[in-house]
Every structure is written in structure tokens, then in C-alpha cells.
Amino acid sequence: MSFLLECPHCGERDVNEFRYQGEVTRRPPARPTLRELTDYVYFRDNVAGVQREWWYHRAGCGTWFVAERDTRTNTVLRTEIPAPSRPGASADAETAVAEPPAL
Ligand SMILES: [Zn+2]
């Protein structure tokens, strides 16, 4: 299956130029409980609908960015380069974004 995805730098491209790196997750607190750590490492929401995801433009500019995509239709609603998060900074639930995952 193919669809178009808009890189914030390069514009709209075929999705095969990108690497999907999973749902945007939230880092657990500095001293997580076993349950918080297990949830962070192993479980994803896997929603049928709009979800925020990490993407990497591997065949282009090499930018990590976040896309909001409807998983039912592969419609990409928007893409953005999130602001860097600062260790120890508190962020509200709507804007908190963890660092991009390691390749
Ligand atoms: Zn790009």
C-alpha cells in the first residue's frame, strides 16, 4: 500500500521514502514503577483512527518529524517537526512528545 506523506522540509513524497518509527509515546517519570516502565517499553495504543506517529525521511533530508495519520484510511492530516523537549521540564498532556526512537 502506498500513500503520500508530506515531509516538513521536502514537501509531499511517496511514503516509501520514509521509515515509520511508531506511535508518539510519553516517557515515564524519572523513577517509574514497574507498571509504568512496562507500559512504556511494551505497549502501544494502536488506535483505529487518528494517531501521532514518528516518521524519518530516510531517502531524503534525514529529518525526524511527527505526523497525524488516520490509520483507517492512511490520510495524513498534518506533519510537524516537534520542539525539542528538555529533560526535567514539565509539559502538558497535549504537547508532550518524547524524543524520536533510536534506529
Ligand atoms: Zn525531507
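The structure described here is a predicted model.

N74 is found in the loop between β5 (64-70) and β6 (75-80). Its phi is near 60°, a positive value in a residue other than glycine. A second residue, N46, has a phi near 50°, which is again a positive value in a residue other than glycine. N46 lies in the loop between α1 (34-42) and β4 (50-56). Is N46 buried or exposed? N46 counts as exposed, because 8 C-beta neighbours lie inside 10 Å and the exposed class covers residues with 12 or fewer.

In general, strands of a sheet pair through backbone hydrogen bonds, in either a parallel or an antiparallel manner. Here, 4 strands form an open sheet in the order β3-β4-β5-β6, and the pairing is antiparallel. Which strands stand at the edges of this sheet? The edge strands are β3 (19-23) and β6, each of which pairs on one side only. From one strand to the next, the twist averages 35°.

Within the sheet, β4 and β5 pair in the antiparallel sense over 7 bridges.

Another antiparallel pair is formed by β1 (residues 4-7) and β2 (residues 11-14), with 4 bridges. How many residues does the hairpin use to join β1 to β2? The hairpin joins the strands through 3 residues. L4 has D14, in β2, as its bridge partner.

| Strand pair | Sense | Bridges | Residue and its partner |
|---|---|---|---|
| β1 and β2 | antiparallel | 4 bridges | L4 and D14 |

The confidence of the prediction remains to be considered. The mean pLDDT of the protein chain is 88, and 83% of its residues reach 70 or more. Over residues 91-95, however, pLDDT stays under 50. For residues 91-95 the model has 2 contacts beyond four places in sequence.

Conventions: Residues numbered from 1 in each chain as written. Predicted model: local features only at pLDDT ≥ 70, side-chain atom pairs only at ≥ 80, totals over all residues. Helix = DSSP H or I, 4+ residues; strand = E, 2+ residues; numbered from the N terminus. Buried ≥ 20, exposed ≤ 12 C-beta atoms within 10 Å, placed from the backbone. Pairing = 2+ DSSP bridges. Axes fitted to C-alpha atoms, helices over the stretch in contact; angles between N-to-C directions. pLDDT = per-residue confidence, 0-100. Contact = placed C-beta atoms within 7 Å.
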